[in-house]
Amino acid sequence: MAESLNLFYSMFLVVIYLLGYFVHLNECVPGCTLDRPLLGEFYSYENGLETHSSFKETGDIERRFYRRESGAGATRKDTGGLLVNEDLGECFKLSIKQNYYEVIYRDKSQSCFQCYQIFNRTKNINQIRKSSCGETTSLVSNQMNFDDLCRSIDEQSEFITLFLKTYSAEECRRTIYGTFHFTYEFREGGIGICDNPSSRLISCPDPGTPFEAINERFRMKYGYCKYLTSSFDADQLNQCLGSWSTPDGNIITAIANERVGSERWYDKFRCMLTRQDQPQWFAKSLFAECSSLSSPTDGPEKVIITPVIPEEPIASCYFPSNLTGQWINTANVNARVLINATHIHEIAKVNNRGWLRETYYVCQQTSRSQYLVKAVTKGECFSYYICFDFKDRHHNVLRYRKSKSFMSNLYKLYPNRDPFYEVCSWTSFGNDANWKYQIFVLDPPAPIECPFTGMWTFKQVGQPSSLIHTRIRGGVTPRPRDHGWYITCDPKYMVSQWSICGDQTKSMFADREYCRQLDPYGTPIGVYEQPDYIYQCAGYWREDSRSMMVTYDRDDPYINYKCWVYERRDLTTITLSRSAGSACGFNQTSESYRPEDGADLAVTLIEAERIHDDCPIRYDDGRNVFIDLEEFNFYYAKSSNIEMNRIFFLIFFCFIHLI
């Protein structure tokens, strides 16, 4: 029994040894099968040599290096007879790493091995880094040193960019989209920037193209500059081969000139580099390589683009004369709006870096309060028809509704269709029941009478950073209370005061800490107090059963305009809600203070007029915005004024009677 167990154990060890041997032998057998994206015919430009690489399905890798014949120009084919070198080898081992392919390449002529790190950037572009060719004495020792061979590749070494000859275009929108004027400058061959007004870069979809191929190419029309030898006249039509990002934030795009034949690979492929935070700067290579591009301002060719309008519409109607002026569009992040007799020019910041988005609305047709305009935006591809429905202007406020946009090319194809009938129909303004008018506010606004007056104490609730705090307007430090020349105030007389009084009824004065204490002669000891906030009234109206008001705060460093919803709760109480931005929220009420309602502060005013304050309450809910409140005389309770008026009236009456 023991002998049979020993025999079984010996046979088991032999089987394990043979299996391990065959597995090890199988691993050392050269050869691998290549598939997409490694498979194909590629072109590259390496060390001044044009390189044609062939990665075959069987694992064979052939790379031939050609030197371009001097003076051959465009008549010479790239596969000519100036062969400098060729590498004929095969894939010995293929492994897939985290973000690249690792290929062990065996050179058939030199009997050495190289490690290729192949990064697939797009379906048309591969980039490779490779080690030097290391000779080995045996397969077993070489197999153990493959990792060391690949680790010898410097991570900071330059990539070799391989362009697939049988490429298919990809989307360009990530890199560039729109209509631009551009200037260009070459690092060598001429010093100076060529700024020809006819230079255009157009990256727009062709009308009627399917959505999956919206714009796969862009046009660069170079204009010639008379005194620059490096400038030229050319009209390039480039196809995008895909783009990718580098770890330092650069965006690289591979392009192919569609107007260069397939026999001229040297002139066909290029690389462009830009950044997401510098989209108006490009660096462009002169050959089929990307390693010469390090930043948008450092490259063989530098291009600076400036957005322009795709067309110049002609005005055919006029806006009302009281619409002209400079306005602020509170619905578009405080965009600046300039209106003249025929044009509306809107200038908005698209991000915190200050880049501008300029749109022109040109009057085309009008009926009643509706105006059909053609909208063109700098940097866009097409023009659109939009309808504005304006309310009558009041105070410093111009209220309007804006329809959906309709592509104007549609009406060029079908001239019998009436754009005004379709664009200005009520269905074009949307069927959402929760809508309100958007507003333009005059910039700067002229002060108007506030919709309510009085002297109040207030309570506030809202976001911590939005509360009304004690401050010195225009300064950075809070007002000192118990130091300097300020008189110490009894804490029981310290209140938060909100006032619209006397001859200053065109602004609301908010003081977080106001001293209501009086001296023995009845004079407030806080006579030298300055309010913390001054909100100048710019306009008010009533909409959706809500009273709304716009104010202007010149001391606010970010948002000067605020929208308020106000409501009188009873004879002595008014509630207000301040918007987070410049426009009131759809769901904002007089008690809102949450961001989801579009508000950041809610204030409750409680009437606190004293006997001699002469600050009566007046309230207007904005039902009739065309009443001029300045025409009303609000007499304050001063017996001397009333007595003098009565005496003057009696004298005047007696004089008329004697006559």
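In strand 14, N257 is the bridge partner of N238. The model is predicted, with local features needing pLDDT of at least 70 and side-chain atom pairs counting only at pLDDT 80 or more, while totals for chains, interfaces and linings use all residues. Residues are numbered from 1 along each chain as its sequence is written, and side-chain values use heavy atoms, leaving out hydrogens and water.

**Exercise 1.** Find which strands pair with strand 14.

*Solution.* Strands here are DSSP runs of E with at least two residues, helices are runs of H or I with at least four, and both are numbered from the N terminus. Two strands pair if DSSP finds at least two bridges between them.
- Step 1: strand 13 (residues 234-245) runs antiparallel to strand 14, with six bridges.
- Step 2: four residues separate strands 13 and 14 in a hairpin, and G249 in the turn has a positive phi of about 95 degrees.
- Step 3: strand 15 (residues 269-275) is also antiparallel to strand 14, through seven bridges; there, M272 is the bridge partner of T253.

**Exercise 2.** Decide whether strand 14 is buried or exposed.

*Solution.* Buried means under 20% relative accessible area, exposed over 50%, and partly exposed in between (1.4 Å probe, protein chains only).
- Step 1: in a regular strand, side chains alternate between the two faces of the sheet.
- Step 2: one side holds N250, I252, A254 and A256, the other I251, T253, I255 and N257, and all are buried.
- Step 3: eight of the eight residues (250-257) are buried, so strand 14 is largely enclosed by the rest of the structure.

**Exercise 3.** Classify L410 in helix 3 (residues 409-413).

*Solution.* L410 has 31% relative accessibility, so this residue counts as partly exposed.
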